[in-house]
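This report describes how two protein chains meet and then turns to a single residue. The sequence and structure are shown first.

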Amino acid sequence: MTTLVASTRNYFAELWRAWNNFWFTPTDPATLALIRLLAGGMMLYTHFIWSFDLAGFIGRDGYTPVEFLKQMPGREWSVWSIFDWIGPNWLLWTVHILALGVFLCLFLGLFSRIAAVLAYLLAVSYVQRVTPGAYFGLDKTNCMLAMYLMLGPCGARYSLDRLWRLRRGDASEPAPSTAANVAIRLMQLHLCVVYFFSALAKLEGNTWRLGTALWWAAGNYEYQSLPLTWLADWPILVALFTHLTVFWELSYPFLVWNRFSRQLVIWTAVAIHGGIALFMGMITFGLAMIFANLSFLKPETVRRWVDPVASRVSLALVGKKVG
Amino acid sequence: MSKQRPEPPPQPAGGEKKPAAPPAPDAKAKPAKAPKPKVPSPWPWGPFARVLVSLLVAFHLFVVFISPWEIQLRPSVVPMAEPGGPPLDAQGRPIPPQQFDPSKYPAQLPVLPMALTKYLHHYANLLYINNGYDFFSPDPGVSHQIRYEVFNSAGEKIADGQFPSRREQWPRLFYHRHMMLVEQSRDPMAAGQGWESAIAERLLEKHDGDRVRLVMIRHHLLTPQQVKDGGRIDGPATYEEIGVMDHQRTRPRAAEQLPTGGTP
């Protein structure tokens, strides 16, 4: 009996230790900083595009008027957007330009932490204003990344904040951060949920189960950005890619944690999202999902790839090399 | 691209355990144990902070998980009938589920996800994690277009165009927003809510028109065999007109809203 109690206690002690290792081991903020740089750039571009018809999409009386959306089922108090309260066009443009400034700060890593919090709130405001209306997967990914970027020191590397510290004589390396690890872990787990449920939704569809879904997606003229009708002669290829997509999404949450299968899973993500970007005209969405997958990169790998470029930029800007 | 998992850490911080009570004065003298060396915790955050953050991340991830679960199951409501044994009509033919008597066959509901999201969905809404992640599913579908013509008070055409249109909307993301606008307005959930009228009003405002005609179009997909037989995915035969709407301006013009003697 004593052995049973002791082994149970040991099991839970081990579990708690593993949990702590997973969540609370400080990590180099390089991965988080790289995602900030890329996601910040993507958010800047995404929201800049609204400028082409700001009043139409975001304005109070646009294609989906605020009053119209309020009548939609499920539009409760918790579905919020600052644009629900913005009426005059001049105010709309003022807020929009300020928002673009925030996204630019996030991209450049200027006042990074504050910019990350504001960028998240603004990104949610924009997307809730166009939900339903004109939102799609890109907005979901942008908001997911912004939400977790604000939890950690996303400007510790590859940022103007870092260069500013260097200019003031602080050349110390960014310390490993527990908050950076928590942010990255949340990003990774959220991404697993995204792929898992994306696969479950596909399993409800006959075309995904039969292996023809890729044809119907690729043969859609409105989506297509490069010719894909040649796939009509390759039903085996269509079936292979369709099934591969479903099985990859379904297995992602399980295989991505294993160091032997992780490379395969992540490179498949790059191939599938790269294909969506190239052939299906959703360059932004494809790239945003690839950026999210970078959360599985080890900080050392990130530094090996990005530090040489960052050093050259810092040498040019402040005369010192820094990552 | 590899492991984030750190090396196995040393034993947890000594600070997490209660200090041993001092021995009673009359207790038998035991051989003195060598004091354990104090190993610093591998986790800089204290136990209280770690427990608190653990609870928060567990709650958050729980909501991240149940939101798509509930959203995906929401439209899957089916009558409570014996699986594989649908009721038969007088002629012995199976009755389609849509024609079931709801008093005899109440709906089967996704009870657990609904119960979990009943209150937690506000948290999901606030953070915008209320997503279904159902990309191109359950099946990739046909596309739609809206063609429009705007007329002035004299009945002259002053503008025309199409949503989405690669010629009219650039860059690609801007085109894609118009595409989503049309697709989401065609969603069965949005049917009958006057979305076309809202789009029409905006077009009138944009082009300062008095009347607008919207033509709703479905763009059908071709099978591989139809393509092999020479069909083009953008061929005229693939477009089907599914509705026409004429809409008169209802909102006053901006200038008409101003009080007399308003802006210079």
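Helices are DSSP runs of H or I with at least four residues, numbered from the N terminus. In this predicted model, I114(A) lies in helix α6 of chain A, which covers residues 112–129. I114(A) has a relative accessibility of 56% and therefore counts as exposed, the cut-off being over 50%. The C-alpha atoms of I114(A) and M150(A) are 7.8 Å apart, although 36 residues separate the two in sequence.

The size of an interface is often expressed as the accessible area lost when the parts come together. The values are as follows.

| Interface of chain B and chain A | Value |
|---|---|
| Residues of chain B in contact with chain A | 84 residues |
| Residues of chain A in contact with chain B | 105 residues |
| Buried area | about 8600 Å² |
| Share of buried area from carbon and sulfur atoms | 64% |

Polar contacts between chain B and chain A number 38 residue pairs. The interface also holds 3 salt bridges; one of them joins D53(A) to K206(B), with the closest N and O atoms 3.6 Å apart.

On the side of chain B that touches chain A, at least two residues each come from α1 (47–73), α2 (111–127), β3 (143–151), α3 (172–185), α4 (195–207) and α5 (224–228) of chain B. Helix α1(B) gives the largest share, 12 residues. By class, this side of chain B comprises 46 nonpolar, 23 polar and 15 charged residues.

Key
Residues are numbered from 1 along each chain as its sequence is written. Chains are lettered from A and ligands numbered from 1 in the order in which they are written. This is a predicted model: local features need pLDDT of at least 70, side-chain atom pairs count only at pLDDT 80 or more; totals for chains, interfaces and linings use all residues. Side-chain values use heavy atoms; hydrogens and water are left out. Contact means heavy atoms within 4.5 Å. Buried area is the accessible area (1.4 Å probe) that two parts lose on being put together, summed over both. A salt bridge is a side-chain nitrogen of Lys or Arg within 4 Å of a carboxyl oxygen of Asp or Glu. A polar contact is a pair of N or O atoms within 3.5 Å; within protein, one must be able to donate a hydrogen and the other to accept it, and residues adjacent in sequence count only if both atoms are side-chain atoms. Ala, Val, Leu, Ile, Met, Phe, Trp, Tyr, Cys and Pro count as nonpolar, Asp, Glu, Lys and Arg as charged, and the others, Gly among them, as polar. Buried means under 20% relative accessible area, exposed over 50%, partly exposed in between (1.4 Å probe, protein chains only).
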